[in-house]
Amino acid sequence: MNKRSVAALLVAAMALLSGCDPSAQDPNVTLSENQQDPIEALEVTSNVDRSEFSYKETFYVPIYSDIYTDKDNRKVLLAATLSVRNTTLKKSLYINKIDYYDTDGALVKSYIDKPIELPAMATLNYIVEKEENKGGAGANFIIEVEGADETVKPVIEAVMIGNFSNKGFAFSTEGTPVIH
């Protein structure tokens, strides 16, 4: 093999391997302002004394990764956007857990390893792609949050969209506090 063939082969291999990078395919990365995973961007990097926090709550958020459309039981896959909103003007909200469960209650994925800090008036949007069909019609998120006091109580919602033939679907759900 001559040098030119080897160089062409290396360029082709690099092009193929760059297509395998999951972050290049992840809409959470490609659609973000800084081309960075929004959860990783919010990871707490400094020490925060959370011993003084008086607010801690866990939320259940229903997600439909598919729905049935007709008597033939055809499934339509849906894309979902999870939205966690800090509605305070001056205080941060801390998110300790974002876990995704399937219809049978089995853990599909834990989205965070470290707590994340959502600044005042900020929103975390996270997309569950339409092709992710592990959740099923009864999929859900469990989200654990905490903060200085009750004023940092978040608004948590999910929006699902999809289409089948000439039909389009869009609906939303709200997070509900979990009773321990």
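**Salt bridges and nonpolar core**

Lys 75 is partly exposed, with a relative accessibility of 45% (buried denotes a relative accessible area under 20%, exposed over 50%, and partly exposed in between, with a 1.4 Å probe and protein chains only). The side chain of Lys 75 meets that of Asp 66 in a salt bridge, at 3.9 Å from N to O (a salt bridge places a side-chain nitrogen of Lys or Arg within 4 Å of a carboxyl oxygen of Asp or Glu). Asp 66, at 3% relative accessibility, counts as buried. The model is predicted, so that local features require pLDDT of at least 70 and side-chain atom pairs count only at pLDDT 80 or more, whereas totals for chains, interfaces and linings use all residues. Residues are numbered from 1 along each chain as its sequence is written, and side-chain values use heavy atoms, with hydrogens and water left out.

Four salt bridges are present in the structure. One of them joins Lys 91 to Asp 149, with an N to O distance of 2.7 Å. Because Lys 91 lies in the loop between strand 4 and strand 5 and Asp 149 in the loop between strand 9 and strand 10, this pair ties together parts that are 58 residues apart in sequence. Lys 91 is partly exposed, at 32%, and Asp 149 is likewise partly exposed, at 23%. Another salt bridge pairs Glu 57 with Lys 153, whose closest N and O atoms are 3.8 Å apart. Here distant parts of the chain are linked, since Glu 57 belongs to strand 1 and Lys 153 to the loop between strand 9 and strand 10, 96 residues apart. Glu 57 is buried at 16% relative accessibility, while Lys 153 is partly exposed at 36%.

The protein chain contains four helices and twelve strands (DSSP runs of H or I with at least four residues, and of E with at least two, numbered from the N terminus). Of its 180 residues, 36% are buried. The largest nonpolar core comprises 30 residues, of which Ile 63, Leu 82, Val 84, Ile 95, Ile 98, Phe 141 and Ile 143 touch the most other members (such a core is a set of buried Ala, Val, Leu, Ile, Met, Phe, Trp, Tyr and Cys residues joined through side-chain atoms within 4.5 Å). Strands supplying at least two residues each include strand 1 (55-62), strand 4 (79-85) and strand 9 (140-147); strand 5 gives the most, with four. Beyond its neighbours within four places in sequence, Ile 95 has contacts that include Val 84, Ile 112, Leu 124 and Ile 143 (contact meaning heavy atoms within 4.5 Å).
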